[in-house]
Amino acid sequence: MAPRQPTPPTPPRGPRAPRAPQPPRPGRARRLSRLILAALAAWLVFIVVTPIHAWSQVAREDTTPTTQRPADASGSTYLLVGSDSREGLTAAERKAIGVGGDAEGRRTDSIILVHTPSGSGKPVLISIPRDSFLPIPGHKTNKVNAAFAIGGPSLLVATLEEATGLPIDGYVEIGLGGFAGVVDSLGGVEVCVKNDIKDAKAHIDLKAGCQELDGKNALGYVRARYSDPRGDLGRAERQRQFLGAVMKQAARPSTVLLPWRWWGFTHTATSSVVVGEDTSLLDSYRILSTMRKVSSDQALSLVVPLSSTSTTTSAGSSVIWDDERADALFTMLREGTPIDSPPAGTDGRPRG
């Protein structure tokens with residue numbers, strides 16, 4: 001009998017051909033799509049509802065003047081006031097941002113008219129120097145910030161309506177603590193400082209150049225006056241510049257797309273804000289939009305035309321308007337004449 005032959009070894013198997021990918025089950029794909037759509041819808045609702053909720057928390061005040069008001073004009077004009085109110089700040093917080101003083105009372109720290117045209121032309125921010133010597137209805141002639149001290153927002157509105165012939169359609173006021181909080185809620189704001197600024201009263205020591213400022217330094221930057229050779233006019237220019245930078249930062253995806261930052265910004269911004277009783281959320285949007293456009297040259301940043309920045313009056317050293325050029329500017333706004341470049345005299349330099 002022949003010997004049994006050994007079984008030859010089994011040759012190794014070659015690599016298996018990859019399986020064709022299986023399409024996802026229709027039910028699972030639909031559930032995933034619904035989940036994604038639901039998350040996107042929730043996020044969109046959050047983005048929209050957050051500022052509406054914040055707006056519902058703002059303090060309101062009757063800012064309607066009791067004087068005869070100007071006739072209707074083209075576009076919309078709003079009054080934006082920065083006050084030195086310390087309301088809501090503890091003594092430690094006032095010390096931290098370098099404002100000190102009592103928490104009671106408030107005075108104007110900046111006065112800005114915001115005009116949005118109804119037709120073509122750029123929107124404008126117009127700074128009104130606090131020491132402008134103007135007739136105050138029922139109180140003779142005085143510095144414009146005296147109107148706020150005497151009769152609050154309504155008398156300030158009446159004074160500016162009489163001086164400009166423009167009906168003021170809304171009022172927004174933000175206090176010092178609120179301003180610093182807004183900057184910190186954004187994680188800081190980048191601004192380009194033109195010159196070194198060292199101001200002990202404003203509690204800042206900044207070097208020239210583009211840099212990110214926190215709330216404390218930002219507040220000092222917009223308040224510094226004694227270290228600026230242009231005094232209040234230089235400060236007003238920095239205020240308009242910084243407001244534009246704040247709104248530019250607020251509109252960035254890094255703010256809007258992060259829920260905690262978007263919530264923090266909107267609610268901090270409204271926590272120290274006072275608005276007129278008739279000022280709507282749409283009005284506030286127009287104001288904020290105009291401030292944002294300043295940073296991209298889509299809006300004009302002006303100063304009311306001046307003839308003198310230091311004239312001795314019954315109220316002391318005062319700022320005097322250039323009536324001819326100021327009237328020309330406000331007539332253009334009232335009549336809806338498009339303004340695409342700064343009119344003569346609106347650079348803050350007195351007419352020589």
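Helices are DSSP runs of H or I with at least four residues, numbered from the N terminus. In this predicted model, helix α9 covers residues 281–294 and holds both Asp 283 and Arg 286, which are three residues apart, about one turn of the helix.

## Salt bridges

The side chains of Asp 283 and Arg 286 meet in a salt bridge, with an N to O distance of 4.0 Å. Asp 283 is buried, because its relative accessible area of 9% falls under the 20% cut-off. Arg 286 has 30% relative accessibility and therefore counts as partly exposed.

How many salt bridges does a search of the whole structure find? The search finds five.

| Asp 131 | Lys 143 | 4.0 Å |

Lys 194 is exposed, with a relative accessible area of 63%, whereas Glu 237 is partly exposed at 27%.

## Disulfide

A disulfide is a covalent bond between the sulfur atoms of two cysteines. The structure holds one disulfide, and its partners are Cys 192 and Cys 210, with an S to S distance of 1.9 Å. The link of Cys 192 and Cys 210 is right-handed, with 90 degrees about the S-S bond. Which strands does this pair connect? Cys 192 is in strand β8 (residues 189–193) and Cys 210 in strand β11 (residues 209–213); the two cysteines are 18 residues apart and link distant parts of the chain.

The cysteines fall into separate accessibility classes: Cys 192 counts as partly exposed at 35% relative accessibility, and Cys 210 is exposed, with a relative accessible area of 51%. The cut-off for exposed is over 50%.

## Packing of α5 and α6

Two packed helices are described by the angle between their axes and the distance between the axes. Helix α5 (residues 215–223) and helix α6 (residues 231–250) pack at an angle of about 140 degrees, and their axes are 7 Å apart. That angle makes α5 oblique to α6, because only angles over 145 degrees count as roughly antiparallel. From α5, the contact is made by Ala 218, Tyr 221, Val 222 and Arg 223; from α6, by Arg 235, Arg 238, Gln 239, Gln 241 and Phe 242. By class, this contact has four nonpolar, two polar and three charged residues.

## Individual residues

Ser 127 is found in strand β4 (residues 124–127). Is Ser 127 buried or exposed? At 3% relative accessibility, Ser 127 counts as buried. Leaving aside residues up to four places away in sequence, Ser 127 touches Ile 111, Ile 112, Ala 236, Arg 240, Leu 302, Val 303 and Val 304.

Thr 64 occupies the loop between β1 (59–61) and β2 (76–83). Thr 64 counts as partly exposed, at 34% relative accessibility. Beyond residues up to four places away in sequence, Thr 64 touches Arg 69, Ser 154 and Asp 278. Thr 64 and Asp 278 are 214 residues apart in sequence, and their C-alpha to C-alpha separation is 8.5 Å.

Arg 351 is located in the segment after α10 (323–335). Arg 351 is partly exposed, with a relative accessible area of 36%. Which residues does Arg 351 touch, not counting residues up to four places away in sequence? They are Leu 306, Ser 307, Asp 322, Glu 324 and Arg 325. Arg 351 and Pro 305 are 46 residues apart in sequence and 7.9 Å apart in space, C-alpha to C-alpha.

How values were computed:
Residues are numbered from 1 along each chain as its sequence is written. This is a predicted model: local features need pLDDT of at least 70, side-chain atom pairs count only at pLDDT 80 or more; totals for chains, interfaces and linings use all residues. Side-chain values use heavy atoms; hydrogens and water are left out. Buried means under 20% relative accessible area, exposed over 50%, partly exposed in between (1.4 Å probe, protein chains only). Contact means heavy atoms within 4.5 Å. Axes are lines fitted to C-alpha atoms, for helices over the stretch in contact, and angles run from 0 to 180 degrees between N-to-C directions. Angles under 35 degrees count as roughly parallel, over 145 as roughly antiparallel, 65 to 115 as roughly perpendicular and the rest as oblique. Ala, Val, Leu, Ile, Met, Phe, Trp, Tyr, Cys and Pro count as nonpolar, Asp, Glu, Lys and Arg as charged, and the others, Gly among them, as polar. A disulfide is a pair of cysteine sulfur atoms within 2.5 Å.
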